[in-house]
Amino acid sequence: MLTENKAKSLKLNEDRLFSSDPIQRDIARELYANVKNLPIISPHGHTDPSWFSKNENFGNPTELFIAPDHYVYRMLYSQGHDLDGLGVPRRDGVPAHDPREAWRTFAENYHLFRGTPSRMWLDYVFANVFGLDVRLSSQTADTYYDTIDEALKSDDFKPRALFEQFNIEVIATTEGPTDTLDHHHEILNSGWTGGKVVSAYRPDAVIDPEHEQFTGAMAQFAEITGEDVYSWKSYLAAHRKRRQDFIEVGTTSSDHGHITARTADLSEVEAETLFQKILKGDFTAEDAEIFRGQMLTEMARMSLDDGLVLQIHPGAYRNHNKALFDSHGRDKGADVPSQTEYVESLKPLLNKFGNDPRLSIIVFTLDETSYSRELAPLAGHYPAMKLGPSWWFHDSPEGMRRFREMTTETAGFYNTVGFNDDTRAFLSIPARHDVARRVDCAFLARLVAEHRLEIDEAHELATDLSYNLAKAAYKL
Amino acid sequence: MLTENKAKSLKLNEDRLFSSDPIQRDIARELYANVKNLPIISPHGHTDPSWFSKNENFGNPTELFIAPDHYVYRMLYSQGHDLDGLGVPRRDGVPAHDPREAWRTFAENYHLFRGTPSRMWLDYVFANVFGLDVRLSSQTADTYYDTIDEALKSDDFKPRALFEQFNIEVIATTEGPTDTLDHHHEILNSGWTGGKVVSAYRPDAVIDPEHEQFTGAMAQFAEITGEDVYSWKSYLAAHRKRRQDFIEVGTTSSDHGHITARTADLSEVEAETLFQKILKGDFTAEDAEIFRGQMLTEMARMSLDDGLVLQIHPGAYRNHNKALFDSHGRDKGADVPSQTEYVESLKPLLNKFGNDPRLSIIVFTLDETSYSRELAPLAGHYPAMKLGPSWWFHDSPEGMRRFREMTTETAGFYNTVGFNDDTRAFLSIPARHDVARRVDCAFLARLVAEHRLEIDEAHELATDLSYNLAKAAYKL
Amino acid sequence: MLTENKAKSLKLNEDRLFSSDPIQRDIARELYANVKNLPIISPHGHTDPSWFSKNENFGNPTELFIAPDHYVYRMLYSQGHDLDGLGVPRRDGVPAHDPREAWRTFAENYHLFRGTPSRMWLDYVFANVFGLDVRLSSQTADTYYDTIDEALKSDDFKPRALFEQFNIEVIATTEGPTDTLDHHHEILNSGWTGGKVVSAYRPDAVIDPEHEQFTGAMAQFAEITGEDVYSWKSYLAAHRKRRQDFIEVGTTSSDHGHITARTADLSEVEAETLFQKILKGDFTAEDAEIFRGQMLTEMARMSLDDGLVLQIHPGAYRNHNKALFDSHGRDKGADVPSQTEYVESLKPLLNKFGNDPRLSIIVFTLDETSYSRELAPLAGHYPAMKLGPSWWFHDSPEGMRRFREMTTETAGFYNTVGFNDDTRAFLSIPARHDVARRVDCAFLARLVAEHRLEIDEAHELATDLSYNLAKAAYKL
């Protein structure tokens, strides 16, 4: 509907995301100046470890920015642009498409992203990583494509070079329970000193009986661990083994993406009985819920031994669009948050282990109504529980602001854990951390300007929120 | 409790609803200057088409401003003022009352409206339509009454004159499935060139088996369509016919006010069976839910043929106050929002037709928690789905601000559809659109001032939000 | 993690909690200047009446500020500090602890409270009540302890002296249905003219069949009233008697802390049958719900006779931490809000008595999602219903701001009832009212600065919100 008619300049304002009120802005500037160059701690994300083990150049601009980024193509899709033309992979492979044409479609529709975090992250990458100084539009589409395409072929844009340029101190990838961790071992053995890459243990495929890969994953799980895995005891032993495998490549956390926050505290007999029911495939949805819930409690129990931090990421209704799931599979922008209850759900786990300060349970939500009503009150009481940052759809300036406004007064800042970029879009990582640091500085600046916090405290907090808390909470 | 002791002046400030921060205010002024005089597109509302067909003068001030406006009398009622004295119609007719005394009660209690949108709309009308320059109070009650009463008798205050003065390009009324549309035909045949009045097809009375008028409405529906209507096929045919009748008077949308957002996707046999159960009156609440849900899907299917936009307005718990319903009937200010679920509810419909970009489904909510959690993520993915503006209790400056803050980052601006005034208070229409334009300009100004949007983009967006999006989304 | 290295000054800024925007700040200053010295009306709280009857000095700083204040020790506990060391009472008595060491732990961890209302209240008390001018930290811990400890021994810091110094006009305590009210009678008979202390009737222990004290409380209830209490009629008669006992010591309200907002409207026969079932102990959770709900309706019926205001405080999930409950009992910072429904829940009560403007039902919530969706629409319609202020976890600057932003546009200001401090922390009462007045003035200032309210109206409102509304709503 609205296309750019002439090339506009692209220039990132130094004060972006700060309040326009001069008093708040000046405080925010001062706070930000102290944290902008801190190294990046990325304790939870979805980058591909093979990038850092193989260190090969990335592909073309469309392969890098459009086809793998569901934030980008979901918006284009919502306005009627078909995914094939954008090069988004189907189940049976990448559809025939012209990458430059895909890029042009993206450029022509760049106005759709106005007011979204994607726009902010992309502009940051275009300006700061690729040195572009005109705004993306139909008119500048080819300039963009050629500039980025050429840069991607150079050594400076190989994954390790970017990692170092981005000032990343440590990044965590996420791997499944049957992953060989070969890429991680290769990185460790490569002698690369420029960056630290660790994994996170994400065993959903062998914990969620309703996961489409459950049966196959269990078989692989048996194979990779050398355990029986079909008795409750050896199944748990297999998890313990794999956690050790992960710990060997630097892993400090496990991660769990269940549909709800349900936990359970079954006796060993009950657990074994339920597990056998699950394995027979003769279980109800409620059985599956309890099983997943019990496994969170089991993971917490293992954490008391091996020290892994337990992350719970509930509330995503996955694969809402059946036709799209059938043609394209998982993670194609058709996941939607749903209402999520925490008070009853977390009680079994918190009553079992929540009073133990050695344990660290980091809870996330896609349901912002739980911030002030459930999560901040729980985290403001239980020693083991901390709040993950605003997540996914809420990893955005307004989302971050709401998170701070709705959690700080009850949980304080020190029951939160800094920022997670949670992304597979490697190039956007500095942009995302920059947005988080700016929004936190802006929030702190408001508190200082309204005389609710002293400036020396704000400085300490800015550093803690940008760097220290993530490092401490994730033991990195 | 608090009455005014001397007449205060009434003057609408040029900067109302803009931030007091000079940087934001100046940007908002600039944006607003470009959109304030754009014609009004009113794609959804409840004005009476007979006003425009007959073009008769309105009644006295109380008949115009108090007795029909549940925003006004619900607030007075909540503070103990009885409805009879205000002239609010009972089921058995308008109670005996003194219109001037009713007006005085309203005036004495005008402080109750402080901080409400009603106050803002009313002051706009008093100042801009009636030229009043003192604030309404017990002291000025009679001045107001006389001034307005006299004006209402003049030709300049006839409906068509006001329509033209208000710069309304097109307005949609809402009619039921058994309406003859005579007033619409009269308007079309009258040769009036000053304004366009269309209808919207609102078939709740023959779609909701729990509607108190269902049985009678079905009989009339048969009569007006000449269809049997008691077989599933002919019932659907009757809807198709009536949609054509509506399309003939310019209708571009249907509208559905169900208690939930539930949709269904039954086979033809299941649908016919359920329909027969409904007709026999031997159905459960769940049956009624599924039937209403199936009919949304049927309406979408018809829309693919005839092009009508599908509006879904769920979540109003109607007639909460039983005694009031018994004495006064529907729509008397006793409707209350209730929690509304969308992710599961809309899935059948969206899985059936949501991937078709030819279809336009506009979804509203009275449950603000769904903005960022459910609606923006759904609208930011499905090509057929768009978000209606903040509605009813949330059609207010703070409500509009929350809507933008909670939807933009995920759905963008272009999955929204501009403003709906949704009112039966004809005189308030310019005031309501003015509030919406101002609040949108203020929101855009904040984005520009915080360097999250460029000024040229904000100008385009201001025009789109004020005019283009409504026109495009509703095909007007 | 972060401790202060040198003593920072403590100085309460005159503009705290006002916007940093000069236009808004100047208006807020002007509004606040007029209300800051208004007497305190404290219509709902949990101070101990024996303080005012006996007028004995308070204990040491730890006994006063840490051990009884779950806002304080829950935060320390959440970060791994054990409750015994802080002197928090166990079921079997106060654990051995060194009060000065407890205070040092608090001081060392004072950074945990950054951004919380506790920090703001505490600093106010430290500066304004104890004249401290350095910030609390590990370095200043002993200075604080000694200064406060010494002051607490003086006559100026006895309860009545503080009451008068705090400019409290009237305070309500809360007592159970078996309380003798001796302290209240002593206060009344003491000839003290410096302050008015009334009670509130909180009969949860004999109304909630699931209350751990129910059986014992019923026996005491029989004894203190001389009624049978085990027949429905005499049970109600006992309530009526006790309400009169409370009214004799100035009580103007009853208060009810149920887990949900459920109400009921049973026939007398149904109620008697249910009551007998309850007494036999042979009841379901649903029976208990209905019984509590019916008792709210009974309380409303009694209110129509004796004039008590009915307060409903639902939504706290009590004693979430089982181990802590077992060791320490109730009210130890382990209560968590849960989702609360009002539309269906309040319908029986509101349909029975909600249209009677003689009745005053004040409804609170811990679920902020209900503000704009349910509570404001209900209070903006029913003559008997008013909204209590933002409560407990939401009694905070951001919580108060959200309350005004989400209720005012639908319910106006005059369906709200001013501020409740709801505290057992006597010394913090002026601080809490000061925060409320400042936040309300800041909110009004924004409305004025955005030309949504005139300055003369804001002045009236500031006084109403700070003083008049509470006095009127609670008939004090």
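1. A friendly place to start is a pair of helices in chain A: the crossing of H19(A) and H20(A) is right-handed (a crossing counts as right-handed if the near helix is turned clockwise from the far one by less than a right angle, and left-handed if anticlockwise). Before going on, please note that this is a predicted model, in which local features need pLDDT of at least 70 and side-chain atom pairs count only at pLDDT 80 or more, while totals for chains, interfaces and linings use all residues. Residues are numbered from 1 along each chain as its sequence is written, and chains are lettered from A and ligands numbered from 1 in the order in which they are written.

2. How do these two helices lie? The axes of H19(A), residues 429–449, and H20(A), residues 455–473, come within 10 Å and cross at roughly 160°. That makes the two helices, H19(A) and H20(A), roughly antiparallel (angles over 145 degrees count as roughly antiparallel, under 35 as roughly parallel, 65 to 115 as roughly perpendicular and the rest as oblique). Axes here are lines fitted to C-alpha atoms, for helices over the stretch in contact, and angles run from 0 to 180 degrees between N-to-C directions. Helices (H or I, at least four residues) and strands (E, at least two) are DSSP runs, numbered from the N terminus.

3. Which residues make this helix contact? From H19(A) come Arg437(A), Asp440(A), Cys441(A), Leu444(A), Leu447(A) and Val448(A), and they meet Ile455(A), Ala458(A), Leu461(A), Ala462(A), Leu465(A) and Ser466(A) of H20(A). Two residues are in contact if their C-beta atoms, placed from the backbone, lie within 7 Å. By class, the contact of H19(A) with H20(A) holds nine nonpolar, one polar and two charged residues. In this scheme Ala, Val, Leu, Ile, Met, Phe, Trp, Tyr, Cys and Pro count as nonpolar, Asp, Glu, Lys and Arg as charged, and the others, Gly among them, as polar.

4. Staying in chain A, have a look at strand E2(A), residues 168–172. Three bridges join E2(A) to strand E1(A), residues 40–42, and the two run parallel; Ile40(A) stands opposite Ile168(A). E2(A) is also joined by three bridges to strand E3(A), residues 196–198, again in parallel, with Val197(A) as the bridge partner of Ile171(A). Two strands pair if DSSP finds at least two bridges between them.

5. Chain A also has an open sheet of four strands in the order E4-E5-E8-E9, with parallel pairing. Strand E4(A) (253–256) and strand E9(A) (385–387) stand at the edges with a single partner strand each, so one side of each is left without a neighbour in the sheet. On average, neighbouring strands of this sheet are turned by 25° against each other, direction ignored. Within the sheet, E5(A) (residues 309–312) and E8(A) (residues 361–363) pair in the parallel sense over three bridges, and the bridge partner of Gln311(A) is Ile362(A).

6. In chain B, four strands form an open sheet in the order E4-E5-E8-E9, with parallel pairing. Its edge strands are E4(B) (253–256) and E9(B) (385–387), each pairing on one side only. E4(B) and E5(B), residues 309–312, pair in the parallel sense over four bridges, and Ser254(B) has Leu310(B) as its bridge partner. Helix H14(B), residues 285–306, packs on the sheet and touches E4, E5 and strand E8 (361–363) of chain B, with its direction at about 160° to that of E5(B).

7. How are the chains related? A rotation of 120° with 0.0 Å of shift along its axis superposes chain B on chain C, with an RMSD of 0.0 Å. That is the relation of a three-fold axis. Copies are superposed by least squares on the C-alpha atoms of residues with pLDDT of at least 70 in both. Of the residues of chain B, Asp21(B) comes closest to the rotation axis, at 3.6 Å (C-alpha).

8. Where chains B and C meet, 44 residues of chain B are in contact with 40 residues of chain C. Among the elements of chain B that give two or more residues to this side are helix H6 (117–129) and helix H18 (397–411), while the largest share, four residues, comes from H4(B). This side of chain B has 18 nonpolar, 16 polar and ten charged residues. Only 5% of the interface residues of chain B are also interface residues in chain C, so the copies meet through different surfaces.

9. Finally, 43 residues of chain C are in contact with 39 residues of chain A. H4(C) gives the most to the side of chain C that touches chain A, with four residues. The residues of that side divide into 17 nonpolar, 16 polar and ten charged.
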